[in-house]
Structures are given as structure tokens and as C-alpha cells.
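Take a look at the sequence and the fold first, then read on.

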Amino acid sequence: MVVTIAQLAVFVGTLSVAILSPGPGVIAVSQSAFAMGRARALPYGWGLAVGAALWCLFALLGLTVLFRVVPWTYVALKVLGGAYLIWIAWKMWRHAADPLPDPSDKRFGSGFLGGLILNLSNPKPALFYSAVLLSIFPAALSLADKAVIFGTALVVELSFYTALATLMALPLLRRRYYAAKFWIDRIAAALIGLLGISLILRH
């Protein structure tokens, strides 16, 4: 292995700062935790984490090379991903005035698969991971090196979304959500919709 502990530490720090910035995954898992609690939000958050980590794997396997060689593939992914985010936002906006869903209703949040699809709908993390990997690690990486890097990314993503779902499901925060559900859902929908539009328009 050529990857060092120091390089992994820098990678973890860079990734941690990046995932703290509000994105569709952060907004969606927070709203899910507010509405349904920790037990229901965790699988959704884990799906988001795996989806984000898969972009790291794709970058390690050279997907960003395809984006550079065939630029329309990146544009197509961005348009499809943006359309999906807008659809999610429309659903949240439309149902903002609805009563809280029944915890036994498994359609809410779509669980692990819903989180996975949501984070795979945005190809921008692939470029982020590619840039970070190129700036921190040597160009020649063995299969073992790539496995360690992917495993590190997965652990960081899982830790973040687990902590976020747990924090946002605290009783105090949930009570605040119940008191302002309509406006919180509408604001969350607007933010996700804007991210979707931005993803489509910014080529």
C-alpha cells in the first residue's frame, strides 16, 4: 500500500467539511427525522450515505474520466438528477399541509432505497471526490489502496448521516417541527427544488 495514515487523515478532514454544507441529502434526512423519528430516519440516512460513498467508488474506478471524454454523459446525469430533485421537492411542497404520516406507512421517505437514489441523483460528488483524490493521493493506487479509501469514505458518510438523523430526531427539535410543519416542509421543498434547478442549469 502507498496510502499513508496522514493522507487518510487529510481526506477525512476534507470530506467532513464538505458534507457539512447543506445539500439535498442533509435537508431530506433532517425532514425525515423531524417527521418520523430516529428509527425511521436512520435507514434513509444510511441510504444517503451509501449513495454518496458510491460516488467515491465511481471516481476511484475512473467515472470522471468518462465525463471528461464524453461530456454529454455528465450533462445527461445532471439533468436527470435535477429533474428527480425537483420531483422530490414538488412532493414535499404538495404534502406540506398534510397531517404527520403514520409511522407504519412504509412509503414515507422510501427507506434505504429512497436515500440511495436521492444521493445518486446528483453526479457532482463524483467530481468532488475525483478532485480530492487527485490532490491528496498518488496517481498510482493499488486495489487495496482504493478499497481503504472507499471504506474510509463510507465510514465518514455513515457516521455523519447517523449523527444527523439522531440529532434531528431529538424530542425538542421534533416538537418545534410539529409546531411549524407546514413552513418547514415548504422551505425544505423550496431548497431542494432550487438545488435541482441549479443542477440542471449549471453546466
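What follows is a short walk through a serine, some aromatic rings and a surface patch.

## A serine in helix 2

Keep in mind that this is a predicted model. Start with Ser30, which sits in helix 2, the stretch covering residues 24-36. Is Ser30 buried or exposed? Its relative accessibility is 9%, so Ser30 goes down as buried, the cut-off being under 20%.

And who are its partners? Leaving aside residues up to four places away in sequence, Ser30 touches Leu164 and Met168.

## Aromatic pairs

How many aromatic pairs turn up in a search of the whole structure? The search gives nine. One of the pairs is Trp55 with Phe58: the ring centres are 5.4 Å apart and the planes meet at 85°, so this one is edge-to-face. The angle settles the label, because planes over 60 degrees apart count as edge-to-face. Both residues belong to helix 3 (residues 38-60), and being three residues apart there puts about one helical turn between Trp55 and Phe58. As for cover, Trp55 has 4% relative accessibility and counts as buried, while Phe58, at 27%, counts as partly exposed.

Tyr84 and Trp87 make another aromatic pair, this time tilted, with 5.8 Å from centre to centre and 40° between the planes. Here the two residues sit in helix 5 (residues 71-94), again three residues apart, or about one turn of the helix. Tyr84 comes out as partly exposed at 21% relative accessibility, and Trp87 is partly exposed too, at 43%.

## A ring cluster

Which residues are linked into a cluster by ring pairs? They are Phe11, Phe128, Tyr129 and Phe137.

A nonpolar surface patch of about 730 Å² is built from Ile86, Trp183, Ile187, Leu191, Leu194, Ile197 and Leu201. Which helix gives the most to this patch? That would be helix 10 (residues 181-201), which puts in six residues.

Leu194 is a handy one to click on: this patch member is found in helix 10. Its relative accessible area is 54%, so Leu194 counts as exposed, a label that needs over 50%.

Methods:
Residues are numbered from 1 along each chain as its sequence is written. This is a predicted model: local features need pLDDT of at least 70, side-chain atom pairs count only at pLDDT 80 or more; totals for chains, interfaces and linings use all residues. Side-chain values use heavy atoms; hydrogens and water are left out. Helices (H or I, at least four residues) and strands (E, at least two) are DSSP runs, numbered from the N terminus. Buried means under 20% relative accessible area, exposed over 50%, partly exposed in between (1.4 Å probe, protein chains only). Contact means heavy atoms within 4.5 Å. Rings of Phe, Tyr and Trp (its six-membered ring) pair if their centres lie within 6.5 Å; planes under 30 degrees apart count as stacked, over 60 as edge-to-face and the rest as tilted. Patches are made of residues with over 30% relative accessible area and no salt bridge: like charges are joined within 9 Å, nonpolar side chains (Val, Leu, Ile, Met, Phe, Trp, Tyr) within 5 Å. Accessible areas come from the Shrake-Rupley method with a 1.4 Å probe; for residues, only the protein chains shown count as cover. A salt bridge is a side-chain nitrogen of Lys or Arg within 4 Å of a carboxyl oxygen of Asp or Glu.
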